[in-house]
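Good morning. Please have a look at the screen.

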Protein chains: 2
Amino acid sequence: MIREDLGKKLLFFDGGMGTLLQAKGLKPGELPETWNAERPEDIIGIHRAYIEAGSDLVLTNTFGANALKFRDGGYPLGEIIEKAVGHVKEAARRAGRSVYTALDVGPTGKLLKPMGDLEFEDAYEAFRQAMVCGEQAGADLIHIETMSDTCEIKAAVLAAKENTKLPVFVTAVFDERRKLLTGADVLALVSLLEGLRVDALGVNCGLGPVQMLPVLEELLSYASVPVIVKPNAGLPKQQGGETVYDVHPEEFARTMKVIVEKGAALIGGCCGTTPEHIGHMIRECKGMSVKPVCRKNLTMVSSYGQAVILGSGSKIIGERINPTGKKKFKQALKDHDLDYILKEGILQEENGAHILDVNVGLPDIDETAMMVEAVQGLQSVTSLPLQIDTVDIRAMEAAMRIYNGKPMVNSVSGKQESMDAVFPLIAKYGGVVVGLTLDEEGIPGTADGRIRVAEKIIREAARYGIEKKDLVIDVLAMTVSSEPQGAAVALEALGRVRKELGVHTVLGVSNISFGLPCRPILNANFYTMAMYSGLSAGIVNPSSEAMMEAYDAYHALLGFDENCGRYVEKYAGRRVREQAA
Amino acid sequence: MIREDLGKKLLFFDGGMGTLLQAKGLKPGELPETWNAERPEDIIGIHRAYIEAGSDLVLTNTFGANALKFRDGGYPLGEIIEKAVGHVKEAARRAGRSVYTALDVGPTGKLLKPMGDLEFEDAYEAFRQAMVCGEQAGADLIHIETMSDTCEIKAAVLAAKENTKLPVFVTAVFDERRKLLTGADVLALVSLLEGLRVDALGVNCGLGPVQMLPVLEELLSYASVPVIVKPNAGLPKQQGGETVYDVHPEEFARTMKVIVEKGAALIGGCCGTTPEHIGHMIRECKGMSVKPVCRKNLTMVSSYGQAVILGSGSKIIGERINPTGKKKFKQALKDHDLDYILKEGILQEENGAHILDVNVGLPDIDETAMMVEAVQGLQSVTSLPLQIDTVDIRAMEAAMRIYNGKPMVNSVSGKQESMDAVFPLIAKYGGVVVGLTLDEEGIPGTADGRIRVAEKIIREAARYGIEKKDLVIDVLAMTVSSEPQGAAVALEALGRVRKELGVHTVLGVSNISFGLPCRPILNANFYTMAMYSGLSAGIVNPSSEAMMEAYDAYHALLGFDENCGRYVEKYAGRRVREQAA
Ligand SMILES: [Zn+2]
Ligand SMILES: [Zn+2]
Ligand SMILES: [Zn+2]
């Protein structure tokens, strides 16, 4: 089983397929997958060359074998995939060496909504079909590769996980700015993929081995699973109308050795690499040990473009997309006025939010439909990660499914019913889930009581394989006008959740002042104390001057704003209410 | 020795003298002390009657025997006092029972500055003279009684302590509002007297035994030394041109029993009480045990009128009377413009200060004279306790000496030289002293280091009998623009001084933001965190809106403002910068 070797011994992929097929006469526009049926010996020959060069994992010739790309190929897709898997196995038989057959899954070639027109579920369906065939034909794992769109990756990974039992590896194409074509940085990709619980992840194509080093370094600093590196044979150059790659096998091999030394656990080649490149690489690296993967324990959420890590200082979750107590917002929801919601999102981003809470719950509307629309709409205007905030489990799942990234999910509680419903979604779709410290017996009046509920939530989450890093605890701020100890209990519980339980925290800050005058004064001061007590992320109004002053001052004072640089930049020359204080 | 019995067994004073002398023919305007020379047998007879009734402590007939009151009496003061002491001893000899001779010291009859014209040192001199005579004549203790002015009390106690070795008891006259004539409440008196380290304190005259019960209850709840109660025989009534007291001996005795049950350790009578009252009282109470005095451990400072206890919530020390960085203030000091200083004091009181810092240090002025003048001036316009803030030890002592109350003193440091100079003043004059966590090696960069300096200050103070309750530690807020960890270290140290050392804390808050823009934002947020971390008193600008908002919000949020009542009263209807937060 590949899972037993993964991360423990260095594993070798094969190299390029397309370049070799072109050399054998593949015409421009011709679907390479048809050769599985029409020129099986050529395909088997290429596989065999890689196997003889020493590859442990060999990709099937199925890069474009999905219903959206492999159209009018003249063969049923199922037959093509079955043959492709068979060719790897035949090549291994002939070479007299057993290898892992990796079902190669490339992109659909279409952009998904909201960036393009392809529906998430249509992409999903295309991947599902190919993957089910691949598993039936005997593939040992699924390798989703050369991906540029996190949303498409998510569709592909979900298709694999919901319909097969195979291990899933994912590699994507980064450019020299260390971004995917659709904007994701390394952290956003790692965040998404680890949320989806893939078995290995990494980078392929696009760059040569040397250019991949900075990407690798970032991958290694964030990832808690084994990292795959499959460079091209250098950067592509045009030479007499042809694309050529100019990194020679020896040079390729030397850099791949450095890549293993740095910590890659699976290596291979992409465009322009040949059995000679792979052979040299394996001779250079054979016998090297793999750096153990260390668990990063990062609490991160992401969008299609960026990720937010909780932990250094405090993060701002914009609270404004929520109809509670907002007449205009309620009307906008009833009127299906998506623009209103998007504007609130944009405004909060401009004012400094790091994550946006999205709550569209209202008795008279179809919350599931509205939530999906709001999430997709917001993801078309902002790259901030979103917090899916609903008590409707259907709306929650629908939003988590189409959400492009690893969302924050608000919330689960200590009630058994809530945990039974929410945790399976987190385990499947990925996400950081907010655990409210209340259960069947209500909200405990003491910090001790809230800690006990938090512990229960942590224990139950562990049964689903959800680690503490993917939980944040909301200790609940009870309004002080009715609960005089509300603030004290919340602040104590906050600090203890961080210190004693080692779990991050979140808190809806403004509830504290309900029913009292001049609420911003109370909210801002409570916010400051909460940050100081260990609030990893506050659900606040980023358009509130008082709240942002609290935020900025806290970070400047506590050393989270180097040399107070951000503070000085924002406040120098600003008119302040008073000069002396 | 009286000190051995004190607080362990119930001690009985004698009763009234004046009423009895009038009955024997003392004329209006005649000085009762002349009878020591002229009618010794009458005096001895009265003492003997009390001794035979069972009194343990007998007061000499010297109530008015001081140079300011006993003028034109026809006898040298020393002779009168010597005889008066002798009469108690002769009475005891005749009665065949040994008693403690208490040198009776009453008020001068004049008001001290700034309320009246009498100089502090003139009052002191009058008391000194009488007390030295009393000790030479063989008195066992000094009983300063029927006092109405804390400043005069301070002069009398200092005279006793600096010039005799006798135990000092002090009782004052409270009215039914539980105030001295000059305005001091019970707490202010206790604060002053315990600062001056008297041996016993309490109440006499003015009220009957029943009316004294509420005063007693307050005395017992604050005092850490044995409490004296000496009521009149009821409230005075005019009857046919004469003052009469209508509480009969039996009734007097019954109430005195209740007074002992509540916790008084020394009881006796004042105006209108007779040997019959005292005899009944002693028969009623003989054999009763004394409630053990419990140490209250209150950190308190006081003025002539009121006291401030540190501990519940945080207190505001107004920082504005300080020339540092203030051009106008410096000019006012140079111009000897006391008005300027007083206005700053009044403004800060109006804006909510609990204590006023007084710093008038400037290179070119006579700081001692200016400090004394500023302290006396401020005490004529505000009843807030003051913090005497100077590095000039002469100015510090001069101000502590004339200060009417128990001051806060800023500061001592962990330097041996500083402790050697400041601690003797605290031990003598009373005061709560601010200990700065710096020593010969500078300001430690870590919380650990500052805790170690605080521990050194606490140890050294103990050598002078200065308890932890009379120390507050300033952990020093270093400006974050040059010390990025300045705020974090100060906040950590603050919390640890409170929790680990059990000592109160003080901090100059606004230094944190030096050199940065919009300082009130940083100051207010740091202030909030400091209060939450355990800041007993912040040295801040009470005229700063941001600081007071932080103060008010902290107290409303953390349950120090019952039902947020103060907050609602102050902010309801107030226009706030923004509505939503
Ligand atoms: Zn490639
Ligand atoms: Zn070669
Ligand atoms: Zn009296």
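Let me start with salt bridges: how many does the rule find across the interface of chain B and chain A? It finds 0. Keep in mind that this is a predicted model.

Polar contacts do occur: between chain B and chain A there are 6 residue pairs of that kind, counting pairs with both residues at pLDDT 80 or more. On the chain B side, the elements that give two or more residues to the part touching chain A are α18 (486-501), α19 (519-533), α20 (545-557) and α21 (565-571). The largest share comes from α19(B), with 10 residues. Sorted by class, this side of chain B has 31 nonpolar, 10 polar and 8 charged residues.

Now the extent of the interface. In total, 49 residues of chain B are in contact with 50 residues of chain A. The size of an interface is often given as the accessible area lost when the parts come together. Here the buried area is about 4,200 Å², and carbon and sulfur atoms give 69% of it.

Next, one helix in chain A, α14, residues 367-381. Its 15 residues, at 1.5 Å a residue, should span 21 Å, and the end C-alpha atoms are 21 Å apart, so the two agree.

Terms used. Residues are numbered from 1 along each chain as its sequence is written. Chains are lettered from A and ligands numbered from 1 in the order in which they are written. This is a predicted model: local features need pLDDT of at least 70, side-chain atom pairs count only at pLDDT 80 or more; totals for chains, interfaces and linings use all residues. Side-chain values use heavy atoms; hydrogens and water are left out. Contact means heavy atoms within 4.5 Å. Buried area is the accessible area (1.4 Å probe) that two parts lose on being put together, summed over both. A salt bridge is a side-chain nitrogen of Lys or Arg within 4 Å of a carboxyl oxygen of Asp or Glu. A polar contact is a pair of N or O atoms within 3.5 Å; within protein, one must be able to donate a hydrogen and the other to accept it, and residues adjacent in sequence count only if both atoms are side-chain atoms. Helices (H or I, at least four residues) and strands (E, at least two) are DSSP runs, numbered from the N terminus. Ala, Val, Leu, Ile, Met, Phe, Trp, Tyr, Cys and Pro count as nonpolar, Asp, Glu, Lys and Arg as charged, and the others, Gly among them, as polar. The expected span of a helix is 1.5 Å times one less than its number of residues.
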